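Hi everyone, thanks for making the time. I'd like to walk you through one model, and you can follow along on the screen.

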Amino acid sequence: MNTLYLILIAVAIAFVTLAAILRRYRRCPSDKILVIYGKTGKNAHGSISSARCIHGGAAFIWPVFQDYAFLDLKPISIECNLTNALSKQNIRVDVPCRFTVGISTDPENMTNAAERLLGLSVDSIQSIATDILFGQLRLVIATMDIEEINADRDKFLANVSTNVEAELRKIGLKLINVNVTDIRDESGYIEALGKEAAAKAINDAKKSVAEQNRYGETGKALADKDTRINVAAADADAVKGENSAKIEIANSDALRRQKTAEADRLAVAAEKVQAAKALEEAYQSERDAELARAAREEATQKANIVVAAEIDKQKKIIEAEAEAEQIRRKAKGEADAIFAKMDAQAKGMLEILTKQADGFKNLVGAAEGDAQKAVLMMIADKLPELVKTQVEAVKGINIDKVTVWDGGNGADGKTATSNFISGLMKSVPPLDDLFKMAGMELPSYLKGQKPEEQAAGEEK
């Protein structure tokens with residue numbers, strides 16, 4: 001148990017020690033300088049160092065023996081509106097400037113900053129730098145003429161940078177930038193210099209303009225003279241050249257027309273010869289083409305017509321033979337069917353006629369062998385149907401309207417209306433005519449004859 005307690009205590013002590021060590025290990029940001037002061041050892045010269053400065057990286061801070069702080073590297077802008085500064089010519093000038101300074105990262109300058117600026121605020125650092133800048137700026141102006149300050153700004157800024165940066169380095173600062181906006185003086189010397197320069201520039205410009213105008217007028221006159229001379233000479237040469245050109249043109253036109261006529265003659269002849277040859281060749285080509293086309297057409301026709309006709313012929317022969325065989329089979333079937341049908345009908349008619357003959361035989365037997373009576377019996381049996389047929393013939397006539405003009409003077413005491421009706425009834429065949437058309441004779445008592453007329457008819 002005691003061993004466990006000892007282990008726990010050892011672990012706790014180790015954890016606390018590690019935490020303390022980690023808390024004392026400090027990292028330096030890129031915009032700051034880590035200043036370690038206390039017991040820091042000796043510097044490069046062998047003397048005891050007052051501080052150790054680190055820009056970037058990290059370091060372990062020993063407890064009790066050392067401590068640390070940070071210096072900010074952010075730029076500081078300082079406005080120095082210098083007034084009444086005495087120049088080399090004893091002329092007082094105003095030089096408004098703006099300086100940008102910051103803590104230097106050079107090892108020696110970092111030590112100077114740690115010794116003189118550590119713990120100061122930004123305003124305090126700005127105030128110290130401002131005093132240094134004003135003093136050095138007055139010193140630079142006192143060593144230069146106003147013309148140099150105003151005209152040669154690069155030299156002025158170089159002198160300011162050299163003097164100011166040397167003094168700032170003593171407290172650990174460096175000059176980043178210098179801007180001089182404008183330079184003025186109380187006496188108006190700089191303004192007078194500007195007016196003088198402006199007036200001189202204006203006069204020089206006017207002089208140059210006048211000289212250029214003089215040169216321009218003179219040159220213009222000389223140019224006009226040369227132009228007129230050159231124009232006249234050019235006109236003369238142009239006229240001469242035109243005449244020569246016209247002669248050359250006329251000669252050239254005559255020669256051209258001669259050559260053209262000869263060329264036209266040769267061209268027409270050559271064209272006719274070539275046209276004749278072309279026609280001959282064309283006709284020959286057409287004849288060859290037609291012969292080839294005819295041969296091709298003949299082969300095509302043979303291939304398309306003769307072969308196709310032969311194939312169609314064989315096809316039709318086969319189809320005809322098949323159709324003939326089908327017709328023969330169909331005709332044989334129909335003939336067999338007709339024969340069977342006619343045989344059945346003949347047998348049926350034979351049966352019907354046999355039955356009718358038997359019926360007639362029985363009918364004649366019932367009439368005691370008198371054929372006339374047997375016929376009368378058959379007519380009496382069919383008489384209702386005959387009468388119905390005659391009635392139906394008249395019944396089918398549709399008379400919509402009948403107009404009769406009758407004076408009552410008809411022959412035999414008959415009126416026109418009765419003659420019309422009797423004539424209409426005569427259009428229906430009488431029973432006697434029907435029997436005659438059937439090859440029979442209607443009995444006399446059905447004709448309405450008297451006995452003596454009937455006897456006379458029988459004698460005839």
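Let me start with a question: in which helix do Glu290 and Arg293 lie, and how many residues apart are they? Both are in helix 6, which covers residues 189–366, and they sit three residues apart, about one turn of the helix. By helix I mean a DSSP run of H or I with at least four residues, and by strand a run of E with at least two, numbered from the N terminus.

Some housekeeping before I go on. This is a predicted model, so local features need pLDDT of at least 70 and side-chain atom pairs count only at pLDDT 80 or more, while totals for chains, interfaces and linings use all residues. Residues are numbered from 1 along each chain as its sequence is written, and side-chain values use heavy atoms, with hydrogens and water left out.

Now the overall picture. The chain has eleven helices and nine strands. Of its 460 residues, 16% are buried. Buried here is under 20% relative accessible area, exposed is over 50%, and partly exposed is in between, with a 1.4 Å probe and protein chains only. The chain exposes about 33,600 Å², and 58% of that comes from carbon and sulfur atoms. Those areas are Shrake-Rupley values, again with a 1.4 Å probe, and for residues only the protein chains shown count as cover. Looking at contacts between residues at least 6 apart in sequence, 67% join residues at least 24 apart; a contact is heavy atoms within 4.5 Å.

Back to Glu290 and Arg293. They form a salt bridge, with the closest N and O atoms 2.7 Å apart. The criterion is a side-chain nitrogen of Lys or Arg within 4 Å of a carboxyl oxygen of Asp or Glu.

How many salt bridges does the structure hold? The count is 13. Helix 6 also has Glu325 and Arg328, three residues apart, so about one helical turn separates them. Their side chains meet in a salt bridge at 2.5 Å, N to O. Salt bridges with shared partners then tie Glu325, Arg328 and Arg329 into one network. Glu325 comes out as partly exposed, at 30%. Elsewhere, Glu115 and Arg116 have a salt bridge at 3.8 Å, N to O. Glu115 is partly exposed at 45%, and so is Arg116 at 43%.

On to Glu79, which is in strand 6, residues 76–86. Is Glu79 buried or partly exposed? Partly exposed, at 45% relative accessibility. Setting aside residues up to four places away in sequence, Glu79 touches Cys97 and Arg98. Its side chain makes a polar contact with the side chain of Arg98 at 3.0 Å, and another with the side chain of Asn81, at 3.0 Å. A polar contact is a pair of N or O atoms within 3.5 Å; within protein, one must be able to donate a hydrogen and the other to accept it, and residues adjacent in sequence count only if both atoms are side-chain atoms. Glu79 and Phe99 are 20 residues apart in sequence, yet their C-alpha atoms are 6.3 Å apart in space.

Thr130 is in helix 3, residues 122–142. At 15% relative accessibility it counts as buried. Leaving out neighbours within four places in sequence, Thr130 contacts Ile78 and Cys80.

Last topic: aromatics. A search of the whole structure turns up one aromatic pair. The rings of Tyr68 and Phe70 have centres 5.9 Å apart and planes at 80 degrees, so the pair is edge-to-face. The rule takes rings of Phe, Tyr and Trp (its six-membered ring) with centres within 6.5 Å; planes under 30 degrees apart are stacked, over 60 edge-to-face, and the rest tilted. Tyr68 is partly exposed at 24%, and Phe70 is partly exposed at 34%.

That's my tour, thanks.
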